[in-house]
Amino acid sequence: MDINDFDYDLPEELIAQEPSAVRSESRLLVVNKKNGTYQDKIFKDIIDYFHPGDVLVRNNTKVLPVRLFGIKGGTNAHVEILLLKDLGNDVHEALTGNAKAVKKGSIIHFGNNTLKAECIEVKDEGIRLYKFYYQGIFLERLEEVGKMPLPPYIHKQLLNNDRYQTVYAKVAGSSAAPTAGFHFTEDLFSQLKKKGVEILDITLHIGLGTFRPVKAATIEEHHMHSEYYEISPMVAKQLNKAKTEHRRIIALGTTSTRTLEANFSKYGCFKDSKEETNIFIYPGYSYCAIDALITNFHLPKSTLIMLVSAFMGMEFTLEVYRHAVKEKYRFFSFGDAMFIYDE
């Protein structure tokens, strides 16, 4: 499939540079993929589209300040790294800016030398493995010198880092946020529970698998990087019960979607697991785990718009996106949302 099939025209002014003033008052495009209709709403209206017995699955990963700016020892070259994955024993996989300057054995100094990293392996696509050295607790040093890993299309600095977290973020480990969750407040979750909706948490630590751009001419050539996920025994049990009882499983975000689909397609049911997945969902994929999806509007030619296209069809997806552009919805991480269902 040609990557250009997933392109669309987006005026730059529709790329949201900051979150909405109130989480639940961003806009919501409600899409019925069964009859091909859509309605313009406010996000808090999403309550009206849930039924008693529905199961909402959210990704409770927490974003760390993993964007680091350092100086290479010996040359004083400026080096930016984005931590992607904790490999244990103070070794981290990281995406490296100015990667050509960083060879095996290079030492990068951060902050006031409270944190330094040695490159111990050079990998493809600007990826390096670093061994970190520090005094005290690594996460405390990271909080001191690291910055939140905002996407490159966001040019404003956040006044409050909590706005690049969901209100239910719990398990630290992500290099990006599960942004569809930004629209929810504790009050909305309380209203859902009162309505009889079950809310379950899974964890997928977001890395390159989610946000790496597609550079190949055809999507089948794209290399999907793996990401770590966890589903607990209790959550697996509740999900299987919902499936047996034909209750809707609604994924909050594309990362929840990929976790659920990866797990169910591998085991034929939901199974408690702590493992990696590099699932790549694009048109032709048959969904087996979820029944509805809450998601933001994604970048042209991205793996995320491909995932959405697989869920509601390529042509209809582009039609919906054209409507969102016409109605001046806000796009990408801090933008507005869609609720996609088929009944």
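**Cavity, pocket, core and sheet: what the terms rest on**

Modeller: The largest cavity is lined by P19, S20, R23, R163, F182, H183, S333, F334 and G335. This is a predicted model, in which local features need pLDDT of at least 70 and side-chain atom pairs count only at pLDDT 80 or more, while totals for chains, interfaces and linings use all residues. Residues are numbered from 1 along each chain as its sequence is written, and side-chain values use heavy atoms, with hydrogens and water left out.

Biologist: What makes a space a cavity and not a pocket?

Modeller: The way out decides. On a 1 Å grid over the protein atoms alone, a cavity is a set of points where a 1.4 Å probe fits but cannot get out, whereas a pocket is an open set with protein on both sides within 12 Å along at least five of seven lines; a lining residue has an atom within 4 Å of a point.

Biologist: How many cavities does the search find, and what is the volume of the largest?

Modeller: The whole structure holds 2 cavities of 30 Å³ or more, and the largest has a volume of about 50 Å³. Volume here is the space filled by probe spheres set on the points, with grid points joined across faces, edges and corners.

Biologist: What volume has the largest pocket, and which residues lie nearest its centre?

Modeller: Its volume is about 960 Å³. Of the 42 residues that line the largest pocket, P151, P152, Y153, F211 and R212 lie nearest the centre. At least two lining residues each come from β6 (78–88), β7 (91–96), α3, α5 and α6. Those labels are DSSP runs numbered from the N terminus: helices are H or I of at least four residues, strands E of at least two.

Biologist: Why is T179 called buried?

Modeller: Buried means under 20% relative accessible area, exposed over 50%, and partly exposed in between, with a 1.4 Å probe and protein chains only. T179 has 14% relative accessibility, so T179 counts as buried. T179 sits in the loop between β11 (171–174) and α2 (186–194). Setting aside residues up to four places away in sequence, T179 touches N296 and S333, where contact means heavy atoms within 4.5 Å.

Biologist: How do you know whether Y341 is buried or exposed?

Modeller: By the cut-off already given: Y341 has a relative accessible area of 11% and is therefore buried. Y341 belongs to strand β17. Beyond four places in sequence, Y341 touches V30, V31, N32, K33, K34, Y49, R248 and A292. L293 is 48 residues from Y341 in sequence, yet the two C-alpha atoms are 6.7 Å apart.

Biologist: What makes α6 a mostly covered helix?

Modeller: In α6, 10 of its 10 residues are buried. Among the elements that cover them are β1, α3 (208–211), α5 (254–267), β16, α7 and β17. Just after α6, G313 takes a positive phi of about 95°.

Biologist: What makes a group of residues a nonpolar core?

Modeller: The members are buried Ala, Val, Leu, Ile, Met, Phe, Trp, Tyr and Cys residues joined through side-chain atoms within 4.5 Å. The largest such core has 66 residues, and Y164, L239, L260, F331 and M338 touch the most other members. Helix α6 (residues 303–312) gives the most to this core, with 7 residues. Another core, of 23 residues, lies apart from it and includes F43, L192, A292 and Y341.

Biologist: How do you know which strands pair?

Modeller: Two strands pair if DSSP finds at least two bridges between them. Strands β3 (residues 55–59) and β14 have 4 bridges in the parallel sense, with A251 as the partner of V57. For β14 and β16 there are 3 bridges, also parallel, and I250 is bridged to A292. Strands β1 (residues 27–32) and β17 (residues 337–341) run parallel, joined by 5 bridges.

Biologist: Why are β2 and β15 at the edges of the sheet?

Modeller: The open sheet has 9 strands in the order β2-β1-β17-β16-β14-β3-β12-β13-β15, with mixed pairing. β2 (37–42) and β15 (273–277) each have a single partner strand, so one side of each is left without a neighbour in the sheet. Neighbouring strands are turned by 25° against each other on average, direction ignored.

Biologist: At what angle does α7 run to β2?

Modeller: Helix α7 (residues 314–326) runs at about 40° to β2 and lies across β1, β2, β16 (292–296) and β17. Axes are lines fitted to C-alpha atoms, for helices over the stretch in contact, and angles run from 0 to 180 degrees between N-to-C directions.
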